[in-house]
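Please look through the sequence and the model below.

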Amino acid sequence: MRHGYPPVWLSAALLALALMWRMVGAPLTGPQLEDIQTPLWQARVLLPTRVARILRLWLPGSQEAQAQTIREEAMGEEGQALDRLMNGEERRMISVYLADEGRVAQMELESYVCGVVAAEMPAAYHLEALKAQAVAARTRAVWQVENGGCALHAGADICTDSAHCQGYATPAQCRELWGEAYTAYRDRVLEAVAATRDELVTYGGQPITVMYHAISGGRTEAAQTVFSEALPYLVSVESAGEEGAPGFQQDAYFTFDEMAALVDEAFGLNLTAQEVERTLAVAGYTDTGRVAAMLVGDMEVEATAFRQALGLRSTWFTLSMDGSGVTFHQRGYGHGVGMSQAGANSMAADGADYRAILTHYYPGVAVEKR
Ligand SMILES: [Zn+2]
């Protein structure tokens, strides 16, 4: 045997191993790996997983285990924790357009609901409020699946744009949002989702059109005043105990110059600051006391459009003017239709369970597994 050359069988074995290595591909995409720069370190971290994968792939009866591993990786840590809570039973999938990443991802429904609850409601809220939010988020998702999906993104049942479909936070975003409280908050969200598994808000046996918002301001708004469509379960109800919520009342100030620029842009007007100062007024109120329409120049605009143009927190406001601008004294946060999250938290603090919360904010509905 010559020195300095490996035997043929060893070369062949190494080549085969290298080929298998490439075939199996990169098994980990976890955020911790992004920090590891050197190939040596990467190999050291990747080696055990890759070897385990190769073994799973080639050992008899391993196809199921293989599929399970791929699914868990796709679902991430939250999905795995959820899996343990739910004993790994068969569950529904949903296609989600991830607005931040510009792509559609296939997700397990309950895992998706966890991300919505995390994004849409403070995780420090009472558990029964989080459960109500989980059922509302799931109902919206199933409604979307059964009603043609997201209108903005073909091929997706729902998108993560909170202004269009529903907000959604990835595990990485949750870590950033919650910091040191991450594990505690994640477990609360998981518990809320697992405890309400498969439950939907229904009316006449069908999932309802779900609306919810952060703070109503003391009374919710009927759907037809905001979305021009009346629904029997989206009517105005009292929402007590919100006063302590941060941002229950908040002022917003605009100079007349700023106002003129914003309304001119939004409504195709050509008003000066002086004309805005002279003409700006409330043109009408809804039954709940919110502003229904505003006068600006000689134009009457809907309060919802006006709110959007100025980025106001709600349409429940009064205004006061001084020599240079206008202050909006705003009440509540959001469109005001359906469940108030701050109100749900207040009900939960008073001992209401999630079913009582949901049937209060959506009168006449049922909460059922479907
Ligand atoms: Zn959408």
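Asp198 lies in the loop between helix H8 (182-195) and E4, where helices (H or I, at least four residues) and strands (E, at least two) are DSSP runs, numbered from the N terminus. This is a predicted model, in which local features need pLDDT of at least 70, side-chain atom pairs count only at pLDDT 80 or more, and totals for chains, interfaces and linings use all residues. Residues are numbered from 1 along each chain as its sequence is written.

**Loop residues**
- Asp198 has a phi near 70°, which is a positive value in a residue other than glycine.
- Asp198 counts as partly exposed because it has 15 C-beta neighbours inside 10 Å; a residue is buried with 20 or more other C-beta atoms within 10 Å of its own, exposed with 12 or fewer, and partly exposed in between, the C-beta atoms being placed from the backbone.
- Ser228, in the loop between helix H9 (223-227) and strand E7 (249-255), also has a positive phi, of about 60°, although it is not a glycine.
- With 9 other C-beta atoms within 10 Å, Ser228 is exposed.

**The sheet**
- An open sheet is formed by 3 strands in the order E5-E4-E14, with antiparallel pairing, where two strands pair if DSSP finds at least two bridges between them.
- The edge strands, E5 (206-207) and E14 (366-369), each pair on one side only.
- Strand E4 (residues 199-203) pairs with E5 over 2 bridges, and Tyr203 stands opposite Gln206 in E5.

**Helix H5**
- 10 of the 12 residues of H5 (residues 109-120) are buried, so this helix is largely enclosed by the rest of the structure.
- Among the buried residues of H5 are Tyr112, Cys114 and Glu120.

Definitions and conventions
The expected span of a helix is 1.5 Å times one less than its number of residues.
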